[in-house]
Amino acid sequence: MTKQKRADLLLVLVTAFWGVSYFLMDLCLTDLPPLTLNAFRFLVAFVLLGGVFFKKMKGITRQTLRYSLLVGVFLTAVYVCCTYGVLYTNATISGLVLAVVLSLSGSLLALYGPKLSGKAINAIDLGAGKVDFDTVFRC
């Protein structure tokens, strides 16, 4: 299997897991409060990824830890808001809002960030198009 086919298959797999996660979140929220669910998700991810990447984490600098903490705080805020969105609306709308945020982030990067290649801009456009397509046919 070529690297390109492998990368494409992995992208499809990531997309499938991302889509299923909203359904599973909706199911879990019938038994768990949102903050407990997120704490459990983060704890499981920390243990699994810590075990896998333990050797690479030995040489982490203070600066890396500071940046990681900053990214972690924002990621936690996004997940908490997303989980409350699934709780009080439905999984489709919550997924749509998060996908719009991701598409806008890519668009802002294309406008104000470093020069991007044509492939990167096409990927951003396709991502925004996917959000529009999902909105029309899922809602």
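**Cysteines and a helix crossing**

In this predicted model, C28 has 33% relative accessibility, so C28 counts as partly exposed. That class lies between the cut-offs of under 20% for buried and over 50% for exposed. C81 is in no disulfide. Its nearest cysteine sulfur belongs to C82 and is 8.7 Å away. A disulfide needs the two sulfur atoms within 2.5 Å. A search of the whole structure also finds zero disulfides. C81 counts as exposed because its relative accessibility is 57%. C82, by contrast, is buried.

Now turn to helix α3. Helix α3 covers residues 62-88, which makes 27 residues. At 1.5 Å a residue, these should span 39 Å. Buried residues of α3 include V80, C82, T83, G85 and V86. An α-helix has 3.6 residues a turn, so residues three or four places apart point the same way.

Which residues of α1 meet C82, T83 and V86 in α3? They are Y22, M25 and D26. C82, T83 and V86 are also among the buried residues of α3.

How do the two helices cross? Two packed helices are described by the angle between their axes and the distance between the axes. Helix α1 spans residues 3-28. The axes of α1 and α3 come within 9 Å and cross at roughly 65 degrees. The range from 65 to 115 degrees counts as roughly perpendicular, and α1 and α3 are therefore roughly perpendicular to each other. Their crossing is right-handed.

Definitions and conventions: Residues numbered from 1 in each chain as written. Predicted model: local features only at pLDDT ≥ 70, side-chain atom pairs only at ≥ 80, totals over all residues. Heavy atoms only, no water. Helix = DSSP H or I, 4+ residues; strand = E, 2+ residues; numbered from the N terminus. Expected span 1.5 Å × (residues − 1). Buried < 20%, exposed > 50% of the residue type's maximum accessible area, 1.4 Å probe, protein only. Axes fitted to C-alpha atoms, helices over the stretch in contact; angles between N-to-C directions. Parallel < 35°, antiparallel > 145°, perpendicular 65-115°, else oblique. Left-handed = near helix turned anticlockwise from the far one by under 90°. Contact = heavy atoms within 4.5 Å.
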